[in-house]
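Colleague: I would like to learn how to read a few local features in a model of this kind, beginning with the terms and then turning to the case at hand. Could we go through them one at a time?

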Amino acid sequence: MIRSGRSVVAVAGVARMLGLSERAVRDKRPYAREGFPAPVTSPTGRTLLWDQKQVEAFVAGAPVPGIEGPESDGDLLDRHEAAAELGVKATSWANYTGDPALANHLVVVEGVEHWPRSAVRASRDSRPGRGVRHGSGRPKGSGDFVPRDEILPRTAELLEADPAVTSQTVVAELGMAMTTAMSALATLRGRRIADVLEQEPALGIEEAATRLGYPPAVRKRAFAAARLELRIRTARPYVEGVAAALVAAGLAEAGDRVDVVEGPGGEALAAAICLREGFGVPAVVWDERSGWRTAFNRRHPIGKDAGPRPEAPGIAYLGAGRPEPAAVTTALREVLTTA
């Protein structure tokens with residue numbers, strides 16, 4: 001948590017203060033030295049952040065000031081802390097970030113997403129209750145009353161209350177189309193099964209579903225969603241590594257969200273990284289079958305057609321499979337210099 005009004009530094013900032021290279025700090029880990037201020041990030045956070053004033057005091061050999069104090073609406077919470085404030089699991093946090101009360105107040109600090117405590121509480125207090133019914137169901141083919149970015153969070157509330165909740169109940173409670181309710185429940189159940197299997201790899205998928213209380217009738221769709229989710233989680237660190245390399249090279253913006261999704265046709269995973277404006281290439285796309293390529297459309301870079309795209313104006317391949325992030329960056333630079 002970043003206390004209201006405080007500034008923080010990441011490893012690069014610590015390196016500057018100590019007069020070391022960032023690599024030296026990562027290798028020697030001086031922040032593990034006795035007396036060095038504790039990180040202000042969550043114990044499970046991937047990126048370490050420290051209070052700037054505390055680090056400055058340590059480097060100067062002065063007493064390190066405390067930063068304890070009462071909670072403030074201006075405190076910035078990372079996703080683990082925000083999820084706890086909202087009363088949900090950290091693994092479910094992404095389902096809630098589409099809420100305008102959160103999305104409009106997102107703050108990226110040193111590449112880490114944070115939300116003001118006041119925004120998280122506003123989102124929590126505005127979460128819809130149960131009991132909004134629309135008869136026995138929606139007419140066939142009708143649209144959803146629920147905004148698209150609220151479908152998963154609202155459905156998640158019903159699933160958390162009743163693991164065996166039916167799609168009919170979701171339709172009646174939330175006023176969404178049956179196909180939407182079935183898809184949302186399958187996705188959410190799949191993610192929760194994936195959570196269990198990640199924590200206990202030796203556990204069978206059937207046993208995970210039983211432990212979560214999912215009835216046999218819904219398991220086929222949930223298992224398919226769980227297998228997809230596990231594939232996505234396996235691929236995500238690689239794609240995020242390429243994104244980080246492009247950010248470091250000044251080609252992409254820090255803090256942009258990078259999602260790994262099931263590509264068109266459902267045959268392979270895909271991901272897109274938007275590039276900074278001015279390069280003439282709006283985005284790069286990864287397809288697990290064909291590797292990285294440039295894209296000519298920033299709004300829909302992956303496209304609607306299944307399968308790899310042929311070389312064409314605006315489309316150049318940067319490496320097959322999973323090339324190293326540095327190799328992707330180098331290949332992209334060559335394309336940009338000849339574009």
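Predicted model: local features only at pLDDT ≥ 70, side-chain atom pairs only at ≥ 80, totals over all residues.

Colleague: Which other residue has a positive phi although it is not a glycine?

Modeller: Arginine 29 has a positive phi of about 50°, and its place is in the loop between α2 and β2 (50-51). Its relative accessibility of 45% means that arginine 29, too, counts as partly exposed.

Colleague: How many bridges join β4 to β5, and in which direction do the strands run?

Modeller: Three bridges join β4 to β5, and the two strands run antiparallel; within this pairing, valine 107 has histidine 114 in β5 as its bridge partner. Strand β3 (residues 76-77) is also joined to β5, by two bridges and again in an antiparallel arrangement, with leucine 76 standing opposite proline 116.

Colleague: Why is β5 described as largely enclosed by the rest of the structure?

Modeller: The cut-off needed here is that buried means under 20% relative accessible area. Four of the five residues of β5 are buried, so the strand is largely enclosed by the rest of the structure.

Colleague: How many salt bridges are there, and by what rule are they counted?

Modeller: The rule asks for a side-chain nitrogen of Lys or Arg within 4 Å of a carboxyl oxygen of Asp or Glu, and by this rule the count comes to 21 salt bridges. One of them joins the side chains of arginine 26 and glutamate 22, at 3.0 Å from N to O; both residues lie in helix α2 (residues 22-28), four residues apart, which is about one turn of the helix. Arginine 26, at 48% relative accessible area, is partly exposed, and glutamate 22, at 35%, is partly exposed as well.

Colleague: Where do arginine 211 and glutamate 200 lie?

Modeller: The side chains of arginine 211 and glutamate 200 meet in a salt bridge at 2.3 Å, N to O. This pair links distant parts of the chain, eleven residues apart, with arginine 211 in helix α10 (residues 205-212) and glutamate 200 in the loop between α9 (178-199) and α10.

Colleague: Which parts does the pair of arginine 231 and glutamate 288 tie together?

Modeller: Their side chains meet in a salt bridge at 2.5 Å, N to O. Because arginine 231 lies in helix α11 (residues 219-248) and glutamate 288 in the loop between β8 (283-287) and β9 (291-295), the pair ties together parts that are 57 residues apart in sequence. Salt bridges can also share partners, and in this way Glu71, Asp73, Asp75, Glu85, Arg117, Arg121 and Arg124 are joined into one network.

Terms used: Residues numbered from 1 in each chain as written. Heavy atoms only, no water. Buried < 20%, exposed > 50% of the residue type's maximum accessible area, 1.4 Å probe, protein only. Pairing = 2+ DSSP bridges.
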